[in-house]
Amino acid sequence: MSDNAPRSPQDLFDGCPDCLAICRRVEQVLSFFGEVSMAVTKSQVAFRRRKAFAFVWRPGQYVSSRVPAVLSIALPFEITSDRFKEIAHPAPTVWMHHLELRDVSEVDEQVCSWLANAYEKAS
């Protein structure tokens with residue numbers, strides 16, 4: 001890790017308290033499912049079991065956006081919901097579901113069920 005790489009979610013989301021709160025809420029939800037590791041990179045916080053399955057990142061870091069955070073959920077199948085901003089299919093067995101989050105309250109029961117499914121599939 002380079003000297004300027006973030007070492008914690010607080011470092012990565014410095015200056016964006018809403019993004020940090022959303023990240024912490026996702027972390028809290030995932031802790032109920034079992035063991036999850038967290039890795040902070042220059043661009044995101046990744047949560048993983050055997051493989052990464054959930055990512056929190058700040059779109060304003062890359063493009064002009066008023067959305068504090070995006071939660072990306074990796075699954076081996078596509079989920080259809082109007083809540084997703086975009087669904088990408090970067091690999092034959094991965095669909096990446098991108099969900100814009102404006103407030104911690106948007107990490108609701110539906111999002112928790114998607115995260116639970118992704119957690120289970122990441123074993």
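Strands, like helices, are DSSP runs numbered from the N terminus, a strand being E over at least two residues and a helix H or I over at least four, and two strands pair if DSSP finds at least two bridges between them. The model is predicted, so that local features need pLDDT of at least 70 and side-chain atom pairs count only at pLDDT 80 or more, while totals for chains, interfaces and linings use all residues. Residues are numbered from 1 along each chain as its sequence is written, and side-chain values use heavy atoms, with hydrogens and water left out.

Select residues 37-40 and 44-48 to begin: these are β1 and β2, antiparallel strands joined by four bridges, with a hairpin of three residues leading from β1 to β2. Within this pair, Val40 has Val45 of β2 as its bridge partner, and Met38 stands opposite Phe47 in β2.

Next, show the whole sheet, which is open and holds six strands in the order β1-β2-β3-β4-β6-β5 with antiparallel pairing. Because β1 and β5 (84-91) stand at the edges with a single partner strand each, one side of each is left without a neighbour in the sheet.
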